[in-house]
Amino acid sequence: MQLATWNVNSVRARHDRLLAFLERHAPDVVCLQETKVVAEQFPAAALAEAGYASQVVGQKTYNGVAILSREAPSDSARAFGDGGDDSEARFLAVRVGGIRVVSVYVPNGRSVGHDHYVYKLEWLARLRRWLEKHADPAEPLAVLGDFNVAPADADVHDPDAWRGQVLCSEPERQAYRELLSWGLHDSFRELRPDDVAYTWWDYRQLGFPKNRGLRIDHVLMTAPLLARCREVRVDREERKGKSPSDHAPVIATLDS
């Protein structure tokens, strides 16, 4: 079984690349972020022809998350439902193939101290509280997506330049660790503790050719899933070529 996550940075702009990605890898479940369309404009029909059911939380121009699956999903949750601000399309959870799958697009934060940064930290805290209320670390669950957090200096091309900056600040990293403390595991780092791999590169200043990246897209798993996980890799090829997203997909392979 393959689980994948990809910030496509506009599903319309990456429509053909997405279909080619699905044909090339044939993942069982794909979590998408930054789809940037309302649900009615999501290419569900084309994806159905490719063999995938679509669950979508859409928003015009910004944000947007989706989960594609070969097996029809059930038990969907499209917001935290905690009484907080759920106006931004950033969260979707479904059950598919006996696994609870969550697609998240964590706020960027803009800059340390900005109102969006405060919102980001609260959003991550709300995600932690959702897990406490609605999930069980003893059950198979995966939280995939663009977390907009590089967990450690090993996940940053130039730790000194990024130290204390948004995406790499200590409060953000602590919020990420709080998710792990609930019972999630960073599958890439668990299986590849010493590897250097990034998932995002700035479009500007030759970020990708110079490999000036950050690892901010993650596949987090509870222990029962991690025990079945035998490979996690970044598909760097998807960052190449014409009109790529600025993010590369992350693909986890599980034993059935």
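Let's start with the largest pocket of this predicted model, which has a volume of about 790 Å³. A pocket here is an open set of points on a 1 Å grid over the protein atoms alone, where a 1.4 Å probe fits, with protein on both sides within 12 Å along at least five of seven lines; the volume is the space filled by probe spheres set on the points, which are joined across faces, edges and corners. Its lining, meaning residues with an atom within 4 Å of a point, comprises 31 residues, and N108, N148, L167, W200 and D246 lie nearest the centre. The elements giving two or more residues to this lining are α3 (115-134) and α4 (159-162); helices (H or I, at least four residues) and strands (E, at least two) are DSSP runs numbered from the N terminus.

Now turn to the sheet. Six strands make an open, mixed sheet in the order β3-β4-β2-β1-β14-β13, where pairing requires at least two DSSP bridges between two strands.

A word on conventions: residues are numbered from 1 along each chain as its sequence is written, and side-chain values use heavy atoms, without hydrogens and water. Local features need pLDDT of at least 70 and side-chain atom pairs count only at pLDDT 80 or more, while totals for chains, interfaces and linings use all residues.
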